[in-house]
Amino acid sequence: LTPTGSTSTKVELRGSVLLLECIAAGLPTPVIRWIKEGGELPANRTFLENFKKTLKIIDVSEADSGNYKCIARNRLGSVHHVISVTVKAAPYWITAPRNLVLSPGEDGTLICRANGNPKPNISWLANGVPI
């Protein structure tokens, strides 16, 4: 089974394509199966290619992080390999701040919600000066 050993790691960027490969040898030729430990493979974004040797997930997000196991099995036995996937993300807006026009004495609220992996720090500035 390639990759060798029982585990490996993979880091991918949010929005890109995740490709995991598992190549097994044996006689009779093993059948490969992929599972996500503790979850489901994402529907509509998961594709098996190259006779199931390659697991392809398009448009990955942080929710796709986790352990993916490939299992190679024939009638004489089975082997498996776990690939620990971490999806990193540059900061992105959940709710971007919007311009606010206020009259003197009026109150207003600015909302800024961002996410990413690692989680971004949010800081507020007024005319370039931290507040």
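# Strands, a disulfide and a core in a predicted model

This predicted model has 10 strands and 0 helices.

Me: In what order do the elements of the protein run from the N terminus on?
Reply: The protein holds 0 helices and 10 strands. Read from the N terminus on, the elements therefore follow one another as β-β-β-β-β-β-β-β-β-β.

Me: Is the protein a compact globule or more spread out?
Reply: The C-alpha atoms fill a box of roughly 80 × 25 × 20 Å along the principal axes. For 131 residues the globule rule gives 14 Å, whereas the radius of gyration is 22 Å, well over that value. The protein is therefore more spread out than a compact globule.

Me: What share of the 131 residues is buried?
Reply: A residue counts as buried when its relative accessible area is under 20%. In the protein, the buried residues make up 24%.

Me: Which strand pairs with β7 in the parallel sense?
Reply: Strand β7 covers residues 77–95. With β6 (residues 66–74) it pairs in the antiparallel sense over 9 bridges, and 4 bridges join β7 to β8 (residues 113–117), again antiparallel. The parallel pairing has 7 bridges, and the partner of β7 in it is the strand of residues 7–13, β1.

Me: Which residue in β7 is the bridge partner of E12?
Reply: Strand β1 covers residues 7–13 and pairs with β7 in the parallel sense. Within β7, the bridge partner of E12 is V87.

Me: Which residue in β8 stands opposite W93?
Reply: Strand β8 covers residues 113–117 and is joined to β7 by 4 bridges in an antiparallel arrangement. Opposite W93, the residue in β8 is A114.

Me: Which residue in β5 is the bridge partner of E49?
Reply: Strand β4 (residues 46–49) pairs with β5 in the antiparallel sense over 4 bridges. Strand β5 is also joined to β2 by 4 antiparallel bridges, and in that pairing E21 stands opposite T54. For E49, the bridge partner in β5 is likewise T54.

Me: Which residue in the turn between β4 and β5 has a positive phi?
Reply: Strands β4 and β5 form a hairpin with 4 residues between them. In this turn a positive phi of about 55° belongs to N50.

Me: How many residues apart in sequence are the parts tied together by C22 and C70?
Reply: C22 and C70 form a disulfide with sulfur atoms 1.9 Å apart, and the link is right-handed, with 50° about the S-S bond. C22 lies in the loop between β2 (18–21) and β3 (31–36), while C70 lies in strand β6, so the pair ties together parts whose separation in residues is 48.

Me: What is the relative accessible area of C70?
Reply: C22 is buried, with a relative accessible area of 0%. C112 is buried as well, with a value of 18%. C70 is buried, and its relative accessible area is 0%.

Me: Is K69 buried or exposed?
Reply: K69 has its place in strand β6. Leaving aside neighbours within four places in sequence, K69 is in contact with R33, W34, I35, E37, H80, H81 and V82. The relative accessible area of K69 is 19%, and because the cut-off is under 20%, K69 is buried.

Me: Which elements give two or more residues to the largest nonpolar core?
Reply: The largest nonpolar core has 15 residues, and those with the most contacts inside it are L20, W34 and V85. Two or more residues come from each of β2, β3, β5 (54–57), β6 and β7.

Me: With which residues is V85 in contact, leaving aside its neighbours within four places in sequence?
Reply: V85 is one of the residues with the most contacts inside the largest nonpolar core. Leaving aside those neighbours, the contacts of V85 are K10, L18, L20, D64, S65, G66 and Y68.

Me: Which residues does the UniProt annotation "domain: Ig-like" cover?
Reply: In residues 3–86, the end C-alpha atoms lie 18 Å apart and the span is 52% strand. In residues 91–131, the end C-alpha atoms lie 21 Å apart and the span is 34% strand. According to the unreviewed UniProt entry, the annotation covers residues 3–86 and 91–131.

Technical notes. Residues are numbered from 1 along each chain as its sequence is written. This is a predicted model: local features need pLDDT of at least 70, side-chain atom pairs count only at pLDDT 80 or more; totals for chains, interfaces and linings use all residues. Side-chain values use heavy atoms; hydrogens and water are left out. Two strands pair if DSSP finds at least two bridges between them. Buried means under 20% relative accessible area, exposed over 50%, partly exposed in between (1.4 Å probe, protein chains only). Contact means heavy atoms within 4.5 Å. A disulfide is a pair of cysteine sulfur atoms within 2.5 Å. UniProt positions are given in the numbering used here, feature names are shortened, and annotations may be inferred rather than shown by experiment. A nonpolar core is a set of buried Ala, Val, Leu, Ile, Met, Phe, Trp, Tyr and Cys residues joined through side-chain atoms within 4.5 Å. The radius of gyration is taken over C-alpha atoms; the globule rule is 2.2 Å times the number of residues to the power 0.38.
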